[in-house]
Amino acid sequence: MRQNRFVSSIALVAVLFVAACSQNTNNVEIFDPYEKTNRKIHSFNKGLDSVVVRPTSNAYGTILPQPVRRGVSNFANYIDTPRFILNDLAQGNIGDAGHNFTRFMLNTVFGLGVLDFASAAGVESRRTGFGETLHVWGAEEGAYIELPVLGPSNERDAVGQVVDFISNPISGTLDSSEDWVPPTANVMDRLGQRYEFGATIDGLLYESADSYAQTRNLYLQNRRFELGGDDEFAFDPYEDFDE
C-alpha cells in the first residue's frame, strides 16, 4: 500500500487542481478572491502562534543547545531529500536530481543523517517540492490562500503540500511504528526556525499595521522569486540583507 502512495497522490492532484483552482482573469498582481476567509484564518493562525507556537519554540530553543537544534534541522532536511530527488526527476531537472542524490549519499555514509557533511563538502541543499513541479508543468499559481496552521500559500502550492506530505519515498522504508518520525522531525525543525527568526516573525505579525497584507505580500514576492522571478511583481525580498 505504501508503494502506491505517490501514484495516488498524482491522482489526487489531478482531481483537486482541475476542480478547485481559481483563475486570475484580471491579471492582477495579487489575486485574493478569498480575502475575507483568509483574514479569519490569519487571525486564527496569529492567535495559535501567540498562545502555542511562539512559547513552544522559545522553550525549544532555550532548552536545546544550538548544535542539537542544528542536528534536528539536518535530519529533517535529510529525510526530505528523496522527495526532492523525486520532484527533480518529475521536473526533468536531472542535474539537481544527481546533486541531491549525491548529497543524500554523503550524508547517509558520513553524516549518519544528522551531520550535514555534504554542505561542508560543497554539496548544498537544493530544496524543491510538488508545488514547483506543478509550476514547471505549466500550472498557474491560482488564488492566494492562507491555510490553518500551515500559513500563507496559493492554490497550486497547497495541492503541492498535500502531495509532498503523503508521497515522500522514505516513508515507504519505515515500519508503521516509525511513521511518526518524518512529521515529528519537520515540526521540530519548524519550531527551531520560529525560534531563530523570532524577532523578524514577531515584527511581521505583531508590529505591522496590517499583518495579513504584509504576510501575503512577502509570501508572494518570495515565492515568485524562488520560481524564477518571471513576474513583474517578483523580486528577492531579502536582497537588501545580502549587501
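A crossing of two helices is left-handed if the near helix is turned anticlockwise from the far one by less than a right angle, and right-handed if clockwise. In this structure, α3 passes α8 in a left-handed crossing. The model is predicted: local features need pLDDT of at least 70, side-chain atom pairs count only at pLDDT 80 or more, and totals for chains, interfaces and linings use all residues. Residues are numbered from 1 along each chain as its sequence is written, and side-chain values use heavy atoms, with hydrogens and water left out.

**Overall architecture**

- The chain contains 10 helices and 2 strands; these are DSSP runs, numbered from the N terminus, with helices being H or I of at least four residues and strands E of at least two.
- Along the sequence, the elements follow the order α-α-α-α-α-α-β-β-α-α-α-α.
- The chain has 243 residues, of which 41% count as buried (buried means under 20% relative accessible area, exposed over 50%, and partly exposed in between, with a 1.4 Å probe and protein chains only).
- The accessible surface of the chain comes to about 13700 Å², and 60% of this belongs to carbon and sulfur atoms; such areas come from the Shrake-Rupley method with a 1.4 Å probe, and for residues only the protein chains shown count as cover.
- Among contacts between residues at least 6 apart in sequence, 68% join residues at least 24 apart, a contact meaning heavy atoms within 4.5 Å.

**Packing of α3 against α8**

- Helices α3 and α8 pack at an angle of about 130°, and their axes are 9 Å apart; the axes are lines fitted to C-alpha atoms, for helices over the stretch in contact, and angles run from 0 to 180 degrees between N-to-C directions.
- This angle makes α3 oblique to α8 (angles under 35 degrees count as roughly parallel, over 145 as roughly antiparallel, 65 to 115 as roughly perpendicular, and the rest as oblique).
- On the α3 side, the residues that meet α8 include Phe-75, Ile-79 and Asp-80.
- On the α8 side, the residues that meet α3 include Val-181, Met-188 and Tyr-195.

**Salt bridges between helices**

- Side chains of opposite charge can pair when their charged atoms come close.
- The structure holds 17 salt bridges, each defined as a side-chain nitrogen of Lys or Arg within 4 Å of a carboxyl oxygen of Asp or Glu.
- One of them joins the side chains of Arg-194 and Asp-49 at 2.9 Å, N to O.
- Arg-194 lies in helix α8 (residues 181–196) and Asp-49 in helix α2 (residues 35–63), so this pair ties together parts that are 145 residues apart in sequence.
- Arg-194 and Asp-49 are both buried.
- Arg-223 forms a salt bridge with Asp-157, with the closest N and O atoms 2.6 Å apart.
- Because Arg-223 lies in helix α10 (residues 211–226) and Asp-157 in helix α7 (residues 155–167), the pair ties together parts that are 66 residues apart in sequence.
- Arg-223 counts as buried at 15% relative accessibility, as does Asp-157 at 6%.
- Leaving aside residues up to four places away in sequence, Arg-223 touches Gly-131, Glu-132, Asn-154 and Asp-157.

- Arg-83 and Asp-80 form a salt bridge, their closest N and O atoms being 3.3 Å apart.
- These two residues are 3 apart in helix α3 (residues 66–90) and are separated by about one helical turn.
- Arg-83 is buried, with a relative accessible area of 9%, and Asp-80 is buried at 5%.
- A network of salt bridges links Asp-32, Glu-35, Arg-39, Asp-210 and Arg-216.
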